[in-house]
Amino acid sequence: MTSWTDRRQAFRAVVNGDQCVHPGSVYDPMSARIAQDIGFEVGMFAGSTGSLTVLGDPDLIIMTLTEFANQCLRINRAAEIPLMVDADHGYGNALSVMRTVQELETAGVSGMSIEDTDLPQPYGEAKQRLLSLAEGIGKMKAAVAAKQDPALVIAGRTSACAIAGLDEAVKRAKAYEACGVDALFFVGAKTRAEVDAISAATTLPLILGGATAELEDKDYLSARRVRIALQGHQPIMAGIQAVYATLKALRDGTNPKDLGGLPDAELVKVATRSSNYDRWTKDFLGG
């Protein structure tokens with residue numbers, strides 16, 4: 001199994017490369033192994049999928065850092081794909097951000113984003129709002145100061161494009177770049193004009209979340225220094241649908257042997273790394 005630093009160096013090679021990649025959205029050990037076996041360069045574990053996996057709840061920032069970090073460790077123990085995670089707002093103020101970086105680094109993540117949205121949603125606020133720029137800068141500086149492995153990637157994330165407009169997004173991007181983050185993560189950028197402006201105003205590798213049809217051209221994105229472009233989190237949604245359909249069919253009287261959509265035995269063996277356990281059983285249990 002590769003070391004945490006080896007994975008981080010592989011992730012950093014993607015971030016510092018010249019091509020845009022789509023990460024595989026993963027949420028547990030099995031999905032991460034499948035993404036690795038299929039050939040994804042990077043796995044992405046989001047706060048929203050974490051809340052679904054760990055709690056079965058919507059993305060309302062009620063999962064704790066410990067719960068999130070534990071799931072990251074489970075994923076990283078089972079698979080070797082470099083894992084990028086969405087660490088939300090760092091679970092509190094700038095001191096909490098430092099603790100978040102420490103815990104997630106210990107859990108083996110290769111990169112993480114820290115965002116400047118005011119989370120969880122304050123009482124009486126109908127829409128998301130940004131932290132002050134000063135507080136956002138404090139969080140980015142804290143994140144950079146907290147990491148111990150130089151290979152770990154810290155991405156400064158902002159939803160300013162969607163919340164406050166392009167000019168504010170550019171201002172924050174420049175400020176966070178000056179804090180020493182390794183990449184900039186933008187949510188809410190919808191047009192090429194916005195991406196062009198962000199790319200022209202900064203020098204760091206870029207990550208995009210929630211890209212629109214206008215931003216689906218990876219050659220275009222690569223030329224604008226976008227190195228990771230999220231496509232959403234369909235795998236966990238597909239998993240929910242598959243479990244629902246299977247349980248409903250069984251409840252409605254379908255014979256288990258007549259169920260469709262089940263994996264063949266070989267795929268299960270590969271995904272569970274069954275051959276490793278066969279070998280270890282022989283070597284260590286005399287079986």
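Which residues make a nonpolar surface patch of about 350 Å²?

## A patch on the surface

The answer is M30, I34, I38 and F40. To belong to a patch, a residue needs over 30% relative accessible area and no salt bridge; like charges are joined within 9 Å, and nonpolar side chains (Val, Leu, Ile, Met, Phe, Trp, Tyr) within 5 Å. The areas come from the Shrake-Rupley method with a 1.4 Å probe, and for residues only the protein chains shown count as cover. I38 lies in helix α2, and it counts as exposed because its relative accessibility is 63%. Here exposed means over 50% relative accessible area, buried means under 20%, and partly exposed is in between (1.4 Å probe, protein chains only).

## How to read this model

You are looking at a predicted model, where local features need pLDDT of at least 70 and side-chain atom pairs count only at pLDDT 80 or more, while totals for chains, interfaces and linings use all residues. Residues are numbered from 1 along each chain as its sequence is written, and side-chain values use heavy atoms, leaving out hydrogens and water.

Let's start with helix α2, which covers residues 29-38. Helices (H or I, at least four residues) and strands (E, at least two) are DSSP runs, numbered from the N terminus. In α2, the residues S31, A32, R33 and A35 are buried. Their cover includes α4 (65-78) and α12 (265-271). Just after this helix, G39 takes a positive phi of about 115°.

Helix α3 spans residues 47-54, and G47, T49, G50 and S51 are buried in it. These buried residues pack against β1 (24-25), β2 (43-45), α4, β3 (83-86) and α11 (234-251). Just after α3 comes G56, with a positive phi of about 70°.

## Where two helices cross

Now find helix α5 (residues 94-106) and helix α6 (residues 133-146): their axes come within 8 Å and cross at roughly 35°. Axes are lines fitted to C-alpha atoms, for helices over the stretch in contact, and angles run from 0 to 180 degrees between N-to-C directions. The crossing of α5 and α6 is right-handed, meaning that the near helix is turned clockwise from the far one by less than a right angle. On the α5 side, the contact is made by A94, V97, M98, V101, Q102 and E105, and on the α6 side by G138, K139, A142, A143 and A146. Contact means heavy atoms within 4.5 Å.

## Pairs of opposite charge

Side chains of opposite charge can pair when their charged atoms come close. A salt bridge is a side-chain nitrogen of Lys or Arg within 4 Å of a carboxyl oxygen of Asp or Glu, and the count by this rule is 16. One of them joins E103 and R99, with the closest N and O atoms 2.8 Å apart. These two are separated by about one helical turn, because they are four residues apart in helix α5. E103 is partly exposed at 29% relative accessible area, and R99 is partly exposed at 44%.

Another salt bridge brings together D116 and R172 (3.0 Å, N to O). D116 lies in the loop between β4 (111-115) and α6 and R172 in helix α8 (residues 166-178), so this pair ties together parts 56 residues apart in sequence. Both D116 and R172 are buried.

D118 and R129 also form a salt bridge, their closest N and O atoms being 2.7 Å apart. D118 counts as buried at 18% relative accessibility, whereas R129 is partly exposed at 34%. Finally, salt bridges that share partners join D116, E168, K171 and R172 into one network.
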